[in-house]
Amino acid sequence: MNEYVGDAMYHLKRAAGVLAERMASAEVQDAVVQFAFGVEKMFKGIVAHVNPLFVYEAAGFDNALGVLYRDRL
């Protein structure tokens, strides 16, 4: 499990924790935002498992070094 999956679980648990039959508008918005963060982190975790360079905004040489030689840095 990478760090993105752990973050996803945190956000999804927070979203699930506030769900109720009757919710105020602000509570619904909070749950939706937490759920969206959770889904985003879950997808990033899957992509990072396939190729960690896909997660970075810029797939430059500096980022590639950190991914390829993480255990040596």
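Predicted model: local features only at pLDDT ≥ 70, side-chain atom pairs only at ≥ 80, totals over all residues.

Trainee: Which element of the chain has the lowest mean pLDDT, and which the highest?

Mentor: The value to read here is pLDDT, the predictor's confidence in each residue, on a scale from 0 to 100. For the chain the mean is 84, with 77% of the residues reaching 70 or more. Among the elements, helix H3 (residues 61-68) has the lowest mean, 65, whereas H1 has the highest, 93.

Trainee: How far apart are the end C-alpha atoms of H2, and what span should its residues give?

Mentor: The general idea is to compare an expected span with the one in the model, the expected span being 1.5 Å times one less than the number of residues. The 26 residues of H2 should span 38 Å at 1.5 Å a residue, and the end C-alpha atoms of H2 are 38 Å apart, which agrees.

Trainee: Which residues of H2 are buried, and against which helix do they pack?

Mentor: A residue counts as buried when its relative accessible area is under 20%. In H2 the buried residues are Ala31, Gln34, Gly38, Gly45 and Ala48, and the buried residues of H2 pack against helix H1 (3-17). Take glutamine 34 as one case: this residue of helix H2 is buried because its relative accessible area is 14%. Beyond its neighbours within four places in sequence, glutamine 34 is in contact with His11, Leu12, Arg14 and Ala15.

Trainee: Where is methionine 23, and with which residues is it in contact, leaving aside its neighbours within four places in sequence?

Mentor: Methionine 23 lies in the loop between H1 and H2, and its 23% relative accessibility is why it counts as partly exposed. With those neighbours left aside, methionine 23 is in contact with Val18, Val28 and Ala31.

Trainee: How many salt bridges does the structure hold, and which side chains meet there?

Mentor: Side chains of opposite charge can pair when their charged atoms come close. The structure holds 1 salt bridge, in which the side chains of lysine 44 and glutamate 40 meet at 3.5 Å, N to O. Because lysine 44 and glutamate 40 are 4 residues apart in helix H2, they are separated by about one helical turn. Lysine 44 is partly exposed, with a relative accessible area of 29%, and glutamate 40 is also partly exposed, at 38%.

Trainee: Which residues form the nonpolar patch on the surface?

Mentor: To belong to such a patch, a residue needs over 30% relative accessible area. Here the nonpolar patch is formed by Phe43, Ile46, Val47, Val50 and Phe54, which together have about 530 Å² of accessible area. Isoleucine 46, one of the patch residues, is found in helix H2 (residues 25-50), and its relative accessible area of 48% makes it partly exposed.

How values were computed
Residues numbered from 1 in each chain as written. Heavy atoms only, no water. Patch = residues over 30% accessible without salt bridge, like charges linked within 9 Å, V, L, I, M, F, W, Y side chains within 5 Å. Areas by Shrake-Rupley, 256 points an atom, 1.4 Å probe, with all protein chains shown as cover. Salt bridge = Lys/Arg side-chain N within 4 Å of Asp/Glu carboxyl O. Helix = DSSP H or I, 4+ residues; strand = E, 2+ residues; numbered from the N terminus. Buried < 20%, exposed > 50% of the residue type's maximum accessible area, 1.4 Å probe, protein only. Contact = heavy atoms within 4.5 Å.
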